[in-house]
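Open the model in your viewer and keep the selection panel at hand. Each stop below says what to select and what to find there.

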Amino acid sequence: IWGQNTLSTAHHQWHFVDEARKKGARVIGIDPRATRTMRQCDVHLAPRPGSDGILAAALGRHLLATGRADVELAKLWVADLDAYRRAVEPWTFDAAAIATGIEAAAIAGFAEEFAGASPVLIRAGVGLQQARNGEEVIRAISALAILGGHWRHRGGGLSILSFPAYSSRAAERRDLRQG
């Protein structure tokens with residue numbers, strides 16, 4: 001659960017977490033705050049606000065460096081895998097630890113668990129999209145779902161809400177201002 005306080009904002013989804021746990025899933029929460037949801041996770045990683053993309057880059061680097069990336073899937077869905085490799089190369093666990101404030105050992109443990117689990121479903125919150133670097137963060141997290149090969153498996157991949165652009169002009173329509 002990445003950047004979503006499910007128990008407070010979408011509690012109707014928590015039963016899916018409970019069902020997954022009954023089948024042996026572990027729940028890793030990533031959020032700078034220790035929310036109700038994060039306190040219910042098996043592991044809570046609290047990156048500095050705005051550093052989620054770096055955490056994702058460290059995981060992507062690990063998947064590529066250890067040969068556990070689903071490169072065939074990535075070649076189908078990624079425009080320039082070589083550019084991605086170059087972008088994540090600097091983000092070792094130690095470098096990511098400095099940037100995120102999460103201990104390198106904790107990042108390494110998360111990366112190993114992510115690389116070894118199948119399938120993984122990443123449930124990302126809306127707040128990630130609204131940060132100054134939101135687009136890059138969502139791309140970085142999306143890359144993990146692809147590199148991990150999780151889209152190939154039922155129940156795996158990325159679940160994220162996206163909304164159409166809001167038009168402020170819609171509120172100016174007379175038929176919407178009645179009453």
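**Stop 1**

Select Trp-151. In this predicted model, Trp-151 counts as partly exposed, because its relative accessibility is 37%. Trp-151 sits in the loop that runs between helix H9 (134-147) and strand S4 (157-160). Together with Trp-151 they form a nonpolar patch on the surface. The accessible area of the three together is about 370 Å².

**Stop 2: Arg-152 and Asp-70**

Move on to Arg-152. Which residue does Arg-152 form a salt bridge with? Select Asp-70: the closest N and O atoms of the pair are 2.5 Å apart. This pair links distant parts of the chain, 82 residues apart. Arg-152 is in the loop between H9 and S4, while Asp-70 is in the loop between H4 and H5.

Arg-152 counts as partly exposed, at 48% relative accessibility. Asp-70 counts as buried, at 15%. The cut-off for buried is under 20% relative accessible area.

**Stop 3: Glu-112 and Arg-68**

Stay with the loop between H4 and helix H5 (71-77), and select Arg-68 there. Then select Glu-112 in helix H8. Their side chains meet in a salt bridge, with 2.4 Å from N to O. Glu-112 is partly exposed, with a relative accessible area of 37%. Arg-68 also counts as partly exposed, at 32%.

**Stop 4: a pair within H5**

Select Glu-72 and Lys-75. They form a salt bridge whose closest N and O atoms are 4.0 Å apart. Both residues belong to helix H5, where they are 3 residues apart and so separated by about one helical turn. Glu-72 and Lys-75 are both exposed. How many salt bridges are there in the whole structure? A search finds 10.

**Stop 5: the largest pocket**

Turn on a surface display. The largest pocket has a volume of about 970 Å³. To centre the view, select Ala-20, Ala-25, Arg-26, Val-120 and Leu-121: of the 27 lining residues, these are the closest to the pocket centre. Which of them gives the most? H2 does, with 4 residues. Colour the lining by class and you get 16 nonpolar, 6 polar and 5 charged residues.

**Stop 6: the second largest pocket**

About 300 Å³ of space lies in the second largest pocket. Select Tyr-84, Val-88, Arg-139, Ala-140 and Ala-143. Of the 18 residues in this lining, they are the closest to the centre. Helix H4 (52-65), helix H6 (81-88) and H9 each give two or more residues to the lining. The largest share comes from H9, with 7 residues. By class, the lining holds 14 nonpolar, 2 polar and 2 charged residues.

**Stop 7: a cis peptide bond**

Select Ser-118 and Pro-119. What kind of peptide bond joins them? The bond is cis, with omega at about -5 degrees. Most peptide bonds are trans. Pro-119 is found in the loop between H8 and S3.

**Stop 8: Thr-9**

Go to helix H1 (residues 6-9) and select Thr-9. Thr-9 counts as exposed, because its relative accessibility is 57%. The cut-off for exposed is over 50%.

**Last stop: the whole chain**

Clear the selection and switch to cartoon. The chain has 9 helices and 4 strands. Trace them from the N terminus: the order is α-α-β-α-β-α-α-α-α-α-β-α-β. Finally, colour by accessibility. Of the 179 residues of the chain, 39% count as buried.

Technical notes:
Residues are numbered from 1 along each chain as its sequence is written. This is a predicted model: local features need pLDDT of at least 70, side-chain atom pairs count only at pLDDT 80 or more; totals for chains, interfaces and linings use all residues. Side-chain values use heavy atoms; hydrogens and water are left out. Patches are made of residues with over 30% relative accessible area and no salt bridge: like charges are joined within 9 Å, nonpolar side chains (Val, Leu, Ile, Met, Phe, Trp, Tyr) within 5 Å. Accessible areas come from the Shrake-Rupley method with a 1.4 Å probe; for residues, only the protein chains shown count as cover. Buried means under 20% relative accessible area, exposed over 50%, partly exposed in between (1.4 Å probe, protein chains only). On a 1 Å grid over the protein atoms alone, a cavity is a set of points where a 1.4 Å probe fits but cannot get out, and a pocket is an open set with protein on both sides within 12 Å along at least five of seven lines; lining residues have an atom within 4 Å of a point. Grid points are joined across faces, edges and corners, and a volume is the space filled by probe spheres set on the points. Ala, Val, Leu, Ile, Met, Phe, Trp, Tyr, Cys and Pro count as nonpolar, Asp, Glu, Lys and Arg as charged, and the others, Gly among them, as polar.
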